[in-house]
Amino acid sequence: MGTGPPVKTSEEKAKRKLSLPFLAPVHSLLAGWVGLTLWLLLLLLLALYPYTGVSSVALFVGSQIFVLVTLASNWNLIGGMTGYVDFGHAVFFGIGAYIMGILVTGSPLLISPEWGFWQALPASGVAAALFALLIGLPTLRLKGPYFSIAMLGTLVAMREIARVLRPFTGGGVGLNLPPLLNRLGDYYLMLAVMGLVVSIIWWIQRSQFGQSLIAIREDEIGAEMRGINTTLHKIVAFMIAAFFTGIVGGFWAWQNTYIDPDVVFVEARTVEMVMMSMLGGLGTVWGPPLGAVVIYFLQDLLWGSLFGVHLVALGVLLVVIVLFMPEGILGTLGDRSSTSLGRLLSRVGRSK
Amino acid sequence: MDQLLQALVSGLLLGGFYAVMVLGFSVIWGVMGVINLAHGEFLMIGAYMAWGLFRLFGMDPFASLVLILPLMFLVGYLLQIVLINRIVERPHLMTLLVTFGVSIALANLFKILFDADPRNVAVAYNGSVQLAGVTFPIVKTIIFGAALVIMVCLHLFLQRSRLGKSIRAAAQNKTAARIVGVDINRVYAITAGICIALTAAAGAMLSPTQAIFPFMGPPFTLKAVTITALGGLGRIPGALMGGMVLGITEIFVSTYVAGIGTNLGVATSFVLLVLILIVRPQGIMGGLRPIDAEAE
């Protein structure tokens, strides 16, 4: 099954593709300490940015971008590095948001004094990570598309469940959080979370843990033969990704001051994460952040004014990228095999 | 006893609809190994078409199938030629991502075109008949009958006709089919056309029984995956059986689990799906190919 002329198509495609191999050394530099140094430098600059006397709108935009970068990097950890393409990652976002909402409003069934933001935020992350453990144990046993679909199912099912559990979640009516605006605080909080997440991903990629994840992606049975505890690795990666996604979800709920099942448990948010990672370069450290920034400004420039159009454009863009640029920006500009889809494509081309 | 009987009948009727709803999804998966995540969106399009024809011309949803079927065949045919045929032989991940993108784009496009307000198709015969203490909703019974007819037709088409045989040949062994002169791209396009048309038809038939809104698709996609996993890829008797199992399970959950109503359909099918995939990854009945073939 699946033989025939795929050899021709993928190799032709590889030849036609614009590729700048002389940039490859730059990539390997960026993957090392140079990359981290530049990243920390960028963080420092971003931390000084508010002192240049910017408006609160600019701060809001900043925190939005940090949110996107964090989400994309998180998704990339499980979807790009481990190779488990998660179509329901927004479920952790939603759980984080709901835990925040429930704890902060002291929703009916819970004991009153309501929790403050700073107590509730870690709780959002922990809840999401625990949920990842619970859901990952069965679903991470599934291979390829079945994992993707099972996670999509988790997302849709959680949306239903959030609607049904009215006493906790307010059902379809949703929850209103106290509106406490602090743009500067939001900015620094998300800057810190983003800095932490991307640094962790950088570290993971260099560590043995990260190499094991990549081994799982490339050949799971082979990795297991080599003595890698694949289940443990997958679960831990999944929980890390879920933890920070939950934190972002909790933060988002606080910033948005309103949540309901249709706002937080949406496929569109997953598509965003997939999209940004794909555009930048799946499975690389710096690809997803790059993709997130590009997507943000694309949205802002091209279709920000038309309500709802950006989601259509997002879907179309995903199709276009998969068809014409599956290796993403980093893969196209440099080493194709640095991104996981680039590797997958060249492998399929070779082996058949 | 009456409650049990009623639940069984409702489950069977729902299962009949699920069986016809899943056909398109199951055959596409079975024949070309593509998991069409935009399945629910095509169902949604069919429902909107039925609604539009009903609103504009007062056309009955079942009569409007005459228009919807050929139109959506064309849509599916073109979609396959323009998009899916380009990537059908590449890693699974790519078709998955592309159909996911298509589904998001379509759902949000329809949201822009028709708002998120739920629409209804209020047919005159939207009542129910009492028979031996059991309620038969008329529309759902008609859907059940139509589902059986469609399944028999599709089964005969795949088994008997020349085109159907080449579709099955392409599913079983693409290389061999090519060697004996089957034009794979054309067969794929026709398969996609038939499948999308059937899916839209299912949506049109569904329109009198349920509110129509742009984001109604994903639950159906998920249920389609579950049913296909239950019944095997591209198998029509399997689709019927899987549809029945899911329909009855869903109705039993909503009948006997208090205070929940029919709102846990997806959660139910999700639990079923994960159980099946873990316990019996090849599906319960087998099919055109093993369910985890080529899982890349």
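Me: Helix axes are lines fitted to C-alpha atoms over the stretch in contact, and the angles between them run from 0 to 180 degrees between N-to-C directions. At roughly what angle do the axes of helix H10 (residues 208–218) of chain A and H12(A) cross?

Reply: Before we start, keep in mind that this is a predicted model. The axes of H10(A) and H12(A) cross at roughly 110° and come within 10 Å. Angles of 65 to 115 degrees count as roughly perpendicular, so H10(A) and H12(A) are described as roughly perpendicular to each other. On the H10(A) side the contact is made by Phe209(A), Ser212(A), Leu213(A) and Ile216(A), and on the H12(A) side by Thr230(A), His233(A), Lys234(A) and Ala237(A).

Me: I notice the spacing in those lists. Why do residues three or four places apart in an α-helix point the same way?

Reply: An α-helix has 3.6 residues a turn, so residues three or four places apart point the same way. Keep that idea for another helix pair. The axes of helix H9 (residues 183–206) of chain A and H12(A) come within 11 Å and cross at roughly 170°. Angles over 145 degrees count as roughly antiparallel, so that is how H9(A) and H12(A) run relative to each other. From H9(A), Asp186(A), Leu189(A), Met190(A), Val193(A) and Val197(A) take part. They meet Phe244(A), Ile247(A), Val248(A), Phe251(A) and Gln255(A) of H12(A).

Me: How far should I trust H12(A)? Which element of chain A has the highest mean pLDDT, and which the lowest?

Reply: Helix H12 (residues 230–256) of chain A has the highest mean pLDDT, at 91, while helix H1 (residues 6–16) of chain A has the lowest, at 46. Where pLDDT is low, the predicted coordinates should not be read in detail. In chain A, residues 1–18 stay under 50, although the model has 29 contacts beyond four places in sequence for that stretch.

Me: Now burial. How many residues of H3(A) are buried?

Reply: The number is 1 of 16, so H3(A) lies largely in the open. H5(A) is mostly covered, with 15 of its 16 residues buried. In span, helix H3 (residues 33–48) of chain A reaches 23 Å, close to the 22 Å expected. Helix H5 (residues 90–105) of chain A reaches 22 Å, and is likewise close to its expected 22 Å. Just after H5(A) comes Gly106(A), which takes a positive phi of about 60°.

Me: Is Leu290(A) buried or exposed?

Reply: A residue is buried if 20 or more other C-beta atoms lie within 10 Å. Leu290(A) has 20, so it is buried. Leu290(A) belongs to helix H15 (residues 287–303) of chain A. Beyond its neighbours within four places in sequence, Leu290(A) is in contact with Gly280(A) and Ile329(A). Its C-alpha is 9.0 Å from that of Leu330(A), 40 residues apart along the chain. Arg55(B) has 11 other C-beta atoms within 10 Å and is exposed.

Me: Which residues have the most contacts inside the largest nonpolar core?

Reply: They are Ala242(A), Met275(A), Leu318(A) and Ala200(B), in a core of 212 residues. Leaving aside neighbours within four places in sequence, Ala242(A) is in contact with Phe92(A), Ala128(A), Ala129(A), Phe131(A) and Ala132(A). As for chain A as a whole, 51% of its 352 residues count as buried, and its secondary structure comes to 18 helices and 2 strands.

Notes
Residues are numbered from 1 along each chain as its sequence is written. Chains are lettered from A and ligands numbered from 1 in the order in which they are written. This is a predicted model: local features need pLDDT of at least 70, side-chain atom pairs count only at pLDDT 80 or more; totals for chains, interfaces and linings use all residues. pLDDT is the predictor's confidence in each residue, from 0 to 100. Helices (H or I, at least four residues) and strands (E, at least two) are DSSP runs, numbered from the N terminus. Two residues are in contact if their C-beta atoms, placed from the backbone, lie within 7 Å. A residue is buried if 20 or more other C-beta atoms lie within 10 Å of its own, exposed if 12 or fewer, and partly exposed in between; C-beta atoms are placed from the backbone. The expected span of a helix is 1.5 Å times one less than its number of residues. A nonpolar core is a set of buried Ala, Val, Leu, Ile, Met, Phe, Trp, Tyr and Cys residues joined through C-beta atoms within 7 Å. Angles under 35 degrees count as roughly parallel, over 145 as roughly antiparallel, 65 to 115 as roughly perpendicular and the rest as oblique.
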